[in-house]
Amino acid sequence: MIIKPKIRGFICTTAHPDGCAANVRQQIEFVRGKGTVAGLPKRVLVIGSSTGYGLASRIVPAFAGGAATAGVFFERPGEVDRTGTAGWYNSVAFEREAHAAGLYAKSINGDAFSDTVKQQVIALIKADLGQVDAVIYSLASPRRTHPKTGVTHKSCLKPLGTAFTNKTVDTDKGTVTEITIGPADDAEVADTVAVMGGEDWEMWMDALDAAGVLAPGVVTVAYSYIGPSLTWAIYRNGTIGRAKEHLEETADRITAKLAAREGRAWVSVNKALVTQASSAIPVVPLYISLLYKVMKEKGLHEGCIEQIHRLFAERLAPGAHPQPDEEGRIRIDDWEMREDVQAEVAAAWPQVSTETLPSLSDIEGYRVEFLRLFGFGLPGVNYDAEAATLQPLPSAS
Ligand code: NAD
């Protein structure tokens with residue numbers, strides 16, 4: 001099949017297998033270029049390992065520390081006449097590269113919220129790894145079927161209390177408009193917390209612990225976001241922010257439970273980046289476009305792989321200091337939140353319109369990165385050639 005991007009709103013419905021493989025290789029090359037990081041965890045479970053921050057969290061310990069990795073994700077494989085999802089092709093590419101480097105890498109494709117997948121992962125760890133030294137929790141999902149009640153909760157991105165009006169961008173068309181989003185009701189808040197809060201992370205850690213597959217000194221990390229005040233109404237003070245607060249509180253509970261095995265749960269607050277999850281949030285893509293321009297001009301720009309490399313090498317590696325904030329969270333959003341960066345973004349915000357978007361923001365950089373998420377626009381890939389949509393996971397064969 002000759003595969004071209006098909007963009008529908010904030011999603012691209014096609015993905016290019018060779019482009020996704022090139023994207024994964026570039027991230028691996030970045031990590032290799034930084035050299036080995038001593039003392040990284042050797043057996044790592046990544047939940048949500050196929051795209052964005054989770055994929056980077058699989059690549060870094062594998063290629064900076066030689067880790068064996070087990071990955072969990074929910075992706076669609078390709079069919080003869082239909083492409084798979086980018087996360088599927090990323091995972092195929094990751095496994096191929098890991099195996100070529102002599103590293104253990106196996107993956108489970110299924111609903112991480114379910115008891116079944118948790119038990120499959122436990123069986124895999126018992127059979128192949130014995131225990132894991134690190135568990136990275138990087139799920140981003142619009143819905144979760146609760147394993148105990150069977151209820152399917154849907155998350156939403158809404159403010160609390162009052163309606164919120166601000167600018168937003170249609171990244172495809174390049175138009176800046178005002179958007180008004182009505183406040184969430186109590187049920188919507190509870191549903192969003194059920195999907196994106198910490199309950200499932202805790203269920204994972206409880207299940208792994210009960211099965212005896214957590215190694216002494218195990219570390220678990222989940223990812224959060226705070227961002228600047230101009231997005232707080234929709235993000236940090238909105239439904240998703242409530243879920244992130246719950247996730248952050250969960251870290252303390254997990255740490256207490258892991259005390260006997262000298263384990264520790266961390267929340268890492270990461271930078272705003274173009275991923276499939278963030279492109280769905282109103283207002284945030286416009287903020288990211290402005291942020292990218294400022295951070296690139298200052299030489300501070302990072303993608304997922306740079307962020308996660310800094311997390312492992314400079315905050316989590318033995319001898320490194322996690323530098324927690326007063327709430328005990330790791331802050332690798334430190335460069336995004338620098339006063340000079342935020343002052344420039346805040347100054348540009350009132351000026352940005354459809355007309356000024358190309359000059360005031362890095363909308364072009366946003367679009368390039370968005371397409372790259374789906375394997376388009378990578379150097380060295382012939383997009384006019386036939387590509388094989390059917391790509392089995394090496395570990396499944
Ligand atoms: P993403 O959309 O790129 O990745 C989500 C991952 O979750 C994929 O691997 C997907 O397969 C997996 N997944 C979703 N539903 C699943 C299910 N039911 N079962 C198994 N796997 C499932 O998202 P991302 O942006 O990398 O987000 C990961 C985490 O990082 C989230 O907690 C997010 O809030 C946080 N974060 C993101 C940003 C950002 O700007 N993108 C910033 C800070 C923190």
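1. Disulfides come first. The structure, a predicted model, holds 0 disulfides. A disulfide is a covalent bond between the sulfur atoms of two cysteines. The cut-off used here is a pair of cysteine sulfur atoms within 2.5 Å.

2. (Buried means under 20% relative accessible area, exposed over 50%, and partly exposed in between, with a 1.4 Å probe and protein chains only.)

3. A note on conventions. Residues are numbered from 1 along each chain as its sequence is written. Local features need pLDDT of at least 70, and side-chain atom pairs count only at pLDDT 80 or more, while totals for chains, interfaces and linings use all residues; side-chain values use heavy atoms, without hydrogens and water.

4. The aromatic side chains are next. The structure holds 6 aromatic pairs. (Rings of Phe, Tyr and Trp, the last by its six-membered ring, pair if their centres lie within 6.5 Å; planes under 30 degrees apart are stacked, over 60 edge-to-face, and the rest tilted.) One of the pairs joins tyrosine 137 and tryptophan 201. Their ring centres are 6.3 Å apart and their planes meet at 25 degrees, so the pair is stacked. It links distant parts of the chain: tyrosine 137 is in strand S6 (residues 132–137) and tryptophan 201 in helix H6 (residues 199–210), 64 residues apart. (Helices, H or I with at least four residues, and strands, E with at least two, are DSSP runs numbered from the N terminus.) Tyrosine 137 is buried at 6% relative accessibility, and tryptophan 201 is buried at 0%.

5. Tyrosine 225 and tyrosine 235 form an edge-to-face pair, with 5.0 Å between centres and 90 degrees between planes. Tyrosine 225 lies in the loop between strand S11 (214–224) and helix H7 (229–232). Tyrosine 235 lies in the loop between H7 and helix H8 (239–258). Tyrosine 225 is buried at 8%, and tyrosine 235 is buried at 7%.

6. Two arginines sit over rings. (The test: NZ of Lys or CZ of Arg within 6 Å of the ring centre and within 35 degrees of the ring normal.) Arginine 264 lies over the face of tryptophan 266, 3.8 Å from the ring centre. The charged end of arginine 310 is over the ring of tryptophan 335, 3.7 Å from its centre.
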